[in-house]
Structures are given as structure tokens and as C-alpha cells.
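I opened this chain to see how its parts pack together. My notes are in the order in which I looked things up.

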Amino acid sequence: SVASNRAARLSPTGLDKLVERSESDQSISASLSTRPEIEPELLKTALSRATARAELSGKAVATAMRLAISLKQTNGLHDVQIAAFANDAEYENLVAGLAVRANLKYEVIDNLMRSEKIAGVVLVCKSVGTRWKTAEAILRLALKRNHNITEAEIADARRDFLDLSRATAERIVRFW
């Protein structure tokens, strides 16, 4: 919101921070492009880095989705494989695998993994039939990427996972 607020006066340090964050956040990058006080060279550098990062990310997601679909077609996208993706911190492969198994878009699973609330990840894990050990590995990977998840929340998630029926989880995920 600061980046898009043209009336906001930014200190040089604040401006540097926004430019740095714009390299990994497209909304900040777009907002900064309208600010007159940013030197064109600085903006051009930040935008080119953001574009390069987005292209790499897009290629990684596309590759992961192809792998997940291929594994599903050969019955290789099972619980052990999903757990291996989580344990090896292969984020894109994990998200793609869950998306393919749950018949959801990659972006839906990615958003759930980045959320401060882990209930959505628990629902997806239960709906695709993972064991708790696999679900826990997935949550721990989410914890590494999102430091707002606590050990207590993972303990609560275990209880919720075990109490939740797969049929109920499947109905909720189908609704999504």
C-alpha cells in the first residue's frame, strides 16, 4: 500500500527496501513503476530482476506440473513420493503433486502453503489420502517458508487431521 500511495514521502532507505522487495513481488513492482522519485535505471534493474525471477519460477512450476502429471499417469504419485518431495524441500514438485492429486490448480495449493492458517493444507492432505507423517512433512516445509506457523499449530493440526474423515475433506476440496 505504501508503494502505491503516490502521496507518501519515502526516505532513501524506505525506497531502497521497496525496490528490493519489488524484485520478488509483482504488485510492489507495478506500484513502484508509477512513482516519479525512482530513478529510471534503478527501476529498470529491479524490474529486470523481477522478470527473470518470474520466468524461472514459471519454468519451475511448468516442469513440476509435467512431472506430477507424468507420475500420476504411471501410478507413481503416491504418498511416498509426496513425502519425498516434502522431505527433500522440493517445493514446486510438492505443490504440483498435491494439486494434481487433489484436482486443484497449482496456485490454490501454493496459496494454502503460504497462508498463515494451515487448515487448508490439512484438508487437502486428508482429501488425497496422505498419512499423518506425510501431512506433517508438508506442514514442516510450509513452516520453513512461512515462519508464522508454530509447533503448537502443527500439534493442533495433527488432532484435526486424525479427527477429520476423508469423505468430509474430499467434499470440501471438491467444493473449492
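**Entry 1: ground rules.** I noted that this is a predicted model, in which local features need pLDDT of at least 70, side-chain atom pairs count only at pLDDT 80 or more, and totals for chains, interfaces and linings use all residues. Residues are numbered from 1 along each chain as its sequence is written, and side-chain values use heavy atoms, with hydrogens and water left out.

**Entry 2: the whole chain.** I looked up the elements and found ten helices and zero strands in the protein chain. Helices (H or I, at least four residues) and strands (E, at least two) are DSSP runs, numbered from the N terminus. Along the principal axes, the C-alpha atoms fill a box of roughly 55 × 35 × 30 Å. I then looked up burial: of the 176 residues, 39% are buried. Buried means under 20% relative accessible area, exposed means over 50%, and partly exposed lies in between (1.4 Å probe, protein chains only). Of the contacts between residues at least 6 apart in sequence, 58% join residues at least 24 apart. Contact means heavy atoms within 4.5 Å.

**Entry 3: helix 4 and helix 8.** Two packed helices are described by the angle between their axes and the distance between the axes. I took helix 4 (residues 79–87) and helix 8 (residues 132–145), whose axes lie 8 Å apart at an angle of about 25°. Helix 4 is therefore roughly parallel to helix 8. Angles under 35 degrees count as roughly parallel, over 145 as roughly antiparallel, 65 to 115 as roughly perpendicular and the rest as oblique. Axes are lines fitted to C-alpha atoms, for helices over the stretch in contact, and angles run from 0 to 180 degrees between N-to-C directions.

Which residues make this contact? I listed D79, I82, A83, A86 and N87 from helix 4, and T134, A137, I138 and L141 from helix 8. By class, six are nonpolar, two polar and one charged. I also checked N87 of helix 4: N87 is exposed, with a relative accessible area of 55%. The C-alpha atoms of N87 and T134 are 8.7 Å apart, although 47 residues separate the two along the chain.

**Entry 4: helix 8 and helix 9.** The axes of helix 8 and helix 9 (residues 151–163) cross at roughly 150° and come within 11 Å. These two helices are therefore roughly antiparallel to each other. On the helix 8 side I found W132, A135, E136, L139, R140 and L143, which meet E151, I154, A157, R158 and F161 in helix 9. That contact has seven nonpolar, no polar and four charged residues.

**Entry 5: helix 7.** Is helix 7 largely enclosed or largely open? Eight of its nine residues are buried, so helix 7 is largely enclosed by the rest of the structure. Among the buried residues are V122, C125 and K126. The buried residues of helix 7 pack against helix 5 (91–102), helix 6 (106–114), helix 8, helix 9 and helix 10 (166–175).

I followed one of these partners. The axes of helix 7 (residues 119–127) and helix 9 cross at roughly 35° and come within 10 Å. V122, C125 and K126 of helix 7 touch A157, F161 and L162 of helix 9. Five of these residues are nonpolar, none is polar and one is charged. Last, I noted that helix 7 is followed by G129, which has a positive phi near 85°.

Notes: Ala, Val, Leu, Ile, Met, Phe, Trp, Tyr, Cys and Pro count as nonpolar, Asp, Glu, Lys and Arg as charged, and the others, Gly among them, as polar.
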